[in-house]
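Trainee: Could you walk me through reading a model like this one?
Mentor: Gladly; let's look at it together.

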Number of protein chains: 2
Amino acid sequence: MTNIKDLARMAGVSVTTVSRVLNNHPYVSKEKRTAVLEAISESNYEQNINAVHLSKGKTQMIGVVLPFSDHPYFALLLKGIAKEALENNYKLVLFQTDYMESRELEALQMLKQKQIDSLIICSRTCEWSVLEEYLQYGTIVLCENVNGKEFSSTFVNQYTIFLRTLEFLFQKGHEKIGYCIGRKTGPSSKLRARAYQEFLEKNNLPFQEKYIIDQCNYFEDAEKVMDMILYMDTPPTALIVTSDQVAAGIVTCCQKQGIKIPEELAIIGFHNEPIAKMMEISSIEIPLLDMGKHLFHQAISKDITNKEMFFHFIERGTV
Amino acid sequence: MTNIKDLARMAGVSVTTVSRVLNNHPYVSKEKRTAVLEAISESNYEQNINAVHLSKGKTQMIGVVLPFSDHPYFALLLKGIAKEALENNYKLVLFQTDYMESRELEALQMLKQKQIDSLIICSRTCEWSVLEEYLQYGTIVLCENVNGKEFSSTFVNQYTIFLRTLEFLFQKGHEKIGYCIGRKTGPSSKLRARAYQEFLEKNNLPFQEKYIIDQCNYFEDAEKVMDMILYMDTPPTALIVTSDQVAAGIVTCCQKQGIKIPEELAIIGFHNEPIAKMMEISSIEIPLLDMGKHLFHQAISKDITNKEMFFHFIERGTV
DNA sequence: TTGTATGCGTTATCAT
DNA sequence: ATGATAACGCATACAA
């Protein structure tokens with residue numbers, strides 16, 4: 001494996017000059033440059049990137065933390081990040097956490113160890129205090145409202161979205177509104193829960209624990225949702241489903257079981273995924289690809305910025 | 001940022017001893033060990049992993065090449081790889097290629113540059129000769145039958161699967177059989193095309209170019225498929241669809257348009273994804289998570305092995 | 001059991 | 001415009 005030293009010898013110059021040629025630095029004569037270039041083409045030389053990383057103290061790599069990559073929400077976010085990373089000559093290191101804190105910590109560890117220059121956390125499990133400890137080692141970008149903390153972020157206002165959606169359904173005459181989420185403990189879910197509570201109080205509606213259904217991530221999770229609903233004495237008449245995949249699954253189940261949508265059950269999905277368009281499911285559009293793009297740029301930027309992205313209500317047939 | 005040298009000074013030992021403690025090597029006295037450990041805990045020390053990489057010539061990182069991560073086939077493969085990587089203390093570097101050769105080359109470049117120890121190519125675009133050039137720099141693992149070439153691989157026999165499926169449909173009385181694939185030029189598609197040709201010849205059936213529909217990757221691509229089929233004079237009576245997502249989309253379209261399945265159109269999907277179970281779509285099961293696991297172990301192994309995984313026909317209502 | 005010295009391959013500093 | 005040399009932080013062969 002030939003290295004920069006060998007090249008220097010071959011071209012009859014110093015390693016510095018070789019490095020200059022390699023990095024397109026100015027101040028190197030035409031003759032020496034060609035001599036080096038020749039040595040390179042003769043030798044099948046390749047930079048040892050690890051040496052570059054050590055020397056520079058940077059790796060041009062960004063970590064991406066997400067619970068699972070086979071969920072459309074995260075897959076699209078990731079796609080947006082990946083596209084932008086590619087165009088800016090950055091590599092992505094993937095941390096699939098399954099919502100386990102230990103794995104999120106591993107990613108943070110890599111930041112500390114300088115294996116990645118910054119970290120994008122698509123869905124957080126750690127406490128703020130933990131994240132703040134690691135801020136000294138590199139940029140950390142989040143997908144939620146950080147409320148003035150020293151992180152960059154790109155997010156949608158989950159609270160507002162949820163409240164508006166609830167009010168919309170209420171105006172349509174729904175008083176028994178349930179919702180389906182991924183996990184109960186996440187930051188987004190807490191915001192939704194707050195919006196839900198306030199909505200109920202404001203409109204003098206009773207709180208029903210059973211109307212909140214979690215562990216809804218995939219199309220097939222709809223089966224479980226339907227089982228639960230059919231089992232209830234007073235099932236909800238409308239369902240906000242934070243994933244179009246699950247919403248599509250519910251619509252499919254209802255078709256099989258002859259439940260009329262929206263007459264017997266109204267459905268609103270999230271993200272306006274293509275499946276929602278095809279199955280004509282009303283959905284809250286969230287610009288995931290754009291968010292990914294923005295997240296990436298925040299990750300490589302020195303400045304701390306917080307960008308709210310806006311949602312868009314797409315009304316179709318299911319509500 | 002404190003380093004190994006600082007620790008040595010703090011603990012009153014040599015850097016070698018510190019390194020020994022750090023790496024759990026034997027031959028270090030209890031006293032010195034505790035002295036070092038103390039220095040570590042006092043100093044908020046963290047290994048600079050880049051230095052380790054340079055020194056060792058390895059990175060404990062594996063590259064994964066795939067066209068897109070938001071497709072269930074690749075997402076599941078990736079999930080399988082990621083789970084195993086995690087358990088074996090390896091990191092994954094993602095290369096999303098969109099089937100562009102240049103991006104695949106970038107991944108190979110990283111192998112050459114020693115940024116990754118090995119490379120898993122889930123879907124190949126490069127020619128064999130190109131890949132073989134890079135074999136000297138690290139292990140390359142593929143998801144297809146490599147026919148004796150010096151690569152490890154985990155694969156299913158796409159040719160056999162396709163032929164069996166065609167024969168199965170033929171026995172059910174279908175003579176006009178179409179199929180939907182992702183891209184026409186991939187290795188799998190070539191095998192399928194061969195199986196298709198041979199099947200037609202053997203049974204004296206005419207070849208219809210229009211029965212082969214490509215660019216079918218996502219649920220929503222089904223709309224385009226249906227448009228094409230409805231426009232044909234003699235549409236196929238059965239469709240092999242190499243993705244359950246697309247199959248599910250087609251089933252959905254048919255329901256909307258009142259096309260009876262399987263009477264008017266029989267459907268067989270691929271991968272036995274949960275959506276297939278839910279929508280009762282017949283499917284060819286392929287153990288993607290297991291394949292991912294196996295791929296990972298081949299990536300970190302010194303030996304070259306080739307493992308064929310077996311498929312399983314799941315008969316449900318759509319055929 | 002411990003330490004010295006050297007190597008890993010590159011970039012950055014500084015002098016010329 | 002060019003080059004010698006230090007620095008990056010760690011691992012390891014070898015000596016003691």
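This is a predicted model: local features need pLDDT of at least 70, side-chain atom pairs count only at pLDDT 80 or more; totals for chains, interfaces and linings use all residues.

Trainee: What rotation and shift superpose chain B on chain A?

Mentor: In general, two copies of a chain are related by a rotation about an axis and a shift along it. Here the rotation is 180° and the shift along the axis is 0.0 Å, with an RMSD of 0.1 Å. That is the relation of a two-fold axis. The superposition is by least squares on the C-alpha atoms of residues with pLDDT of at least 70 in both copies. In chain B, the residue closest to the axis is B:Val93, at 2.4 Å (C-alpha). Of the interface residues of chain B, 100% are also interface residues in chain A, so the copies meet through the same surface.

Trainee: Into which domains is chain A divided?

Mentor: Domain bounds come from an automatic or database domain assignment. For chain A they give domain 1 (4-47), domain 2 (60-156 + 289-310) and domain 3 (158-285). Between domain 1 and domain 2 of chain A, the C-alpha centres are 38 Å apart.

Trainee: Which residues of helix 10 of chain A are buried?

Mentor: Buried means under 20% relative accessible area, exposed over 50%, and partly exposed in between (1.4 Å probe, protein chains only). Helices (H or I, at least four residues) and strands (E, at least two) are DSSP runs, numbered from the N terminus. In helix 10 (residues 221-231) of chain A, the buried ones are A:Asp221, A:Ala222, A:Val225, A:Met226 and A:Ile229. Down the helix axis they fall within an arc of 140°, so they line one face of helix 10 of chain A; the arc is taken from the directions from the helix axis to the C-beta atoms. A:Asp227 and A:Tyr231, on the other side, are exposed.

Trainee: How many residues of strand 5 of chain A are buried?

Mentor: Five of its five residues (152-156) are buried. A:Ser152, A:Thr154 and A:Val156 lie on one side, with A:Ser153 and A:Phe155 on the other. Strands pair if DSSP finds at least two bridges between them. Strand 5 of chain A runs parallel to strand 4 (residues 139-142) of chain A, with two bridges.

Note on methods
Residues are numbered from 1 along each chain as its sequence is written. Chains are lettered from A and ligands numbered from 1 in the order in which they are written. Side-chain values use heavy atoms; hydrogens and water are left out. Contact means heavy atoms within 4.5 Å.
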